[in-house]
Amino acid sequence: MEQSALENLLTKLIGIWETEVIEFKRAGDGYSTHDIGKYFSALSNEANLRNHECAWLVFGVDNKSRQIVGTNYRTESERLQSLKIQISQGTEPNITFRNIHELNYQKSRVILFEIPAAPQGMPVSWNGHYYARAGESLNALGWDKQDEIRNQTRAVDWSAQVVDKANINHLDPVAVQKARESFARKYANRFPEDEIKSWDTKTFLNRARLTQDGHITNTTLLLLGKPESAHLLSPHPAQMVWKLEGTERAYEHFYPPFLLSTTFLYHKIRNIQIRILPDDELLPIEVAKYDQKVVLEALHNCIAHQDYTRNGRIIVTEFQDKLVFENEGSFFEGSPDDYIFGSKIPRRYRNTFLVQAMAELNMIDTMGYGIHEMHLVQAKRFLPLPDYDLSECNSVRMTIHGKVVDPAYSRLLMQKKDISLVDTIALDRVQKKLSLPSKTTQHLRRAGLIEGRKPNVHISSIVAQVIDKKAEYIKLRALNDQHYAELIVGYLEKFNKASREDINSFLWDKLSDALDDTQKRNKISNLLTNLRRKGLIRNTASRKAPSWALSE
């Protein structure tokens with residue numbers, strides 16, 4: 001959030017004061033993580049029971065005087081954000097803060113922890129214990145409240161509900177035929193193609209899990225329904241929107257059958273070829289701006305995981321350099337990071353019936369490999385990896401990049417074919433100027449993949465280092481220092497003498513932009529010291545106000 005928005009939010013929360021879903025603490029640096037976990041469980045459960053999207057735990061406000069007093073809790077950003085991992089490790093199901101917001105308000109530091117409501121049907125525990133609130137007090141979550149959460153209507157799968165007024169005539173014949181062909185490809189080793197062709201429509205729809213005992217479901221209409229049949233799903237809008245933003249603006253709405261509409265939406269996207277020029281190559285590598293498989297995977301995920309009961313639309317926004325996908329409903333099982341390496345299998349789905357049907361039609365898989373595959377494809381195309389934004393409660397925003405962010409990242413992936421996905425993810429964070437754990441930074445530095453000092457860490461621009469030509473790299477670094485030293489000597493030959501300010505002004509713009517001001521000053525100091533020790537230059541004035549000249 002912007003600082004102004006956070007200020008308005010803080011003012012609003014203080015005005016409401018402490019309820020079952022808002023808690024204020026002074027909280028110093030030593031505030032117990034275990035206590036934070038208990039409040040997380042309690043506030044998350046209460047937000048669920050009261051139909052709130054989020055609850056708030058606020059540090060830096062006195063809970064008696066209602067005065068903003070500030071907090072020194074985990075002042076280092078990296079250490080503060082690491083609390084997310086600690087909370088996710090102690091909660092069941094494994095969820096954590098939507099976001100941790102820092103606000104400088106009236107010269108006082110305030111931290112606002114945004115806590116998501118417990119998932120429908122699943123109370124949140126901390127270290128095996130369930131917590132709740134009674135006014136401002138922290139209590140155990142009683143059996144009645146646990147049962148209330150576990151018996152919520154989430155157990156009723158909206159996508160499986162039968163639409164009484166719908167029949168076969170409400171389905172699009174082209175979509176039904178497309179579904180039959182997709183089903184036949186998926187089960188080519190199980191059913192002969194002629195057998196699948198011989199099934200009547202009712203039989204096929206049942207076998208493909210699109211209907212229940214011949215009855216049309218919400219899933220059937222979403223995937224195969226005619227556009228004019230969408231009203232049968234009302235008040236739940238079945239609509240996708242493509243929107244173009246930039247110098248030109250446009251939009252278009254897409255309706256069922258989603259089995260066909262996703263392809264139509266994809267073709268609206270301006271998918272030109274882009275060129276990436278590797279080092280020492282005259283011919284550039286050309287790749288499509290967006291990979292069709294990645295785009296359709298993202299779009300199909302939006303359809304599969306959308307919370308249709310929230311009466312929202314799926315929105316795809318095309319910018320000049322990226323695509324942004326938005327759908328209603330929080331990330332349902334775990335977090336996106338859990339699925340990057342393809343090792344986590346989801347245990348449950350929001351729309352179980354819909355997901356099963358889409359899997360039967362080869363639109364998605366049910367093993368959690370989609371996010372993993374999208375990351376692999378983007379890495380193989382030398383482009384930035386997908387980003388997920390869960391900062392808004394009950395919505396997911398995913399970004400697919402269609403442009404090089406840092407040429408050094410792309411060139412590194414071209415040169416180092418065997419780089420691991422773990423390192424690729426870390427380097428992607430470096431190029432996007434996102435924080436990294438200290439251990440990861442040390443690992444990348446030892447591997448010769450990054451340079452610079454925090455906060456100006458950057459991917460190594462010297463490809464020779466990447467391909468293990470370390471001696472050449474070190475030699476080149478030395479040549480760079482020699483080049484700057486020669487510039488200083490040349491300057492003194494022409495002007496006879498120079499103050500430190502003169503030399504700073506002369507070299508400043510010639511030094512790497514990756515260096516901050518302090519690092520540039522240190523660099524120049526080291527150059528002058530080395531030249532003095534070699535007897536090439538001398539200081540003809542004082543140490544505090546030096547005047548440099550060539551040695552006689």
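A search of the whole structure, which is a predicted model, finds 15 aromatic pairs. Rings of Phe, Tyr and Trp (its six-membered ring) count as a pair if their centres lie within 6.5 Å; planes under 30 degrees apart are called stacked, those over 60 edge-to-face, and the rest tilted. A pair of aromatic rings is described by the distance of the centres and the angle of the planes.

One of these pairs joins Tyr31 and Phe59, edge-to-face, at 5.2 Å centre to centre and with 65° between the planes. The pair links distant parts of the chain, 28 residues apart: Tyr31 is in the loop between strand 1 (22-25) and helix 2 (33-49), and Phe59 is in strand 2. Helices (H or I, at least four residues) and strands (E, at least two) are DSSP runs, numbered from the N terminus. Phe59 also pairs with Tyr73, again edge-to-face, with 5.2 Å between the centres and 90° between the planes. Buried means under 20% relative accessible area, exposed over 50%, and partly exposed in between (1.4 Å probe, protein chains only). Ring pairs link Tyr31, Phe40, Phe59, Tyr73, Phe97 and Phe113 into a cluster.

Strand 2 (residues 54-59) also holds Trp56. Trp56 has a relative accessible area of 10%, so this residue is buried.

A charge sits over a ring if NZ of Lys or CZ of Arg is within 6 Å of the ring centre and within 35 degrees of the ring normal. The charged end of Lys510 is over the ring of Phe506, 4.4 Å from its centre, and Lys186 lies over the face of Tyr187, at 5.7 Å from the ring centre.

Next come the salt bridges, each a side-chain nitrogen of Lys or Arg within 4 Å of a carboxyl oxygen of Asp or Glu. By this rule there are 22. Glu46 meets Arg50 at 2.1 Å, N to O, and Lys145 at 3.0 Å. The bridge to Lys145 links distant parts of the chain: Lys145 is in helix 5 (residues 143-150) and Glu46 in helix 2, 99 residues apart. Glu46 is buried because its relative accessibility is 0%, whereas Arg50 is partly exposed at 34% and Lys145 is partly exposed at 21%. Glu20, Glu46, Arg50 and Lys145 are linked in a network of salt bridges.

Another salt bridge joins Glu326 and Arg397, whose closest N and O atoms are 3.3 Å apart. Glu326 is in strand 16 (residues 322-328) and Arg397 in strand 18 (residues 395-401), 71 residues apart.

Strand 13 (residues 273-276) has a covered face with Ile274 and Ile276, and an uncovered one with Gln273 and Arg275. In a regular strand the side chains alternate between the two faces of the sheet. Strand 13 pairs with strand 14 (residues 285-288) in the antiparallel sense over four bridges; strands pair if DSSP finds at least two bridges between them. Ile274 stands opposite Val287 in strand 14.

Residues are numbered from 1 along each chain as its sequence is written, and side-chain values use heavy atoms, with hydrogens and water left out. Local features need pLDDT of at least 70, side-chain atom pairs count only at pLDDT 80 or more, and totals for chains, interfaces and linings use all residues.
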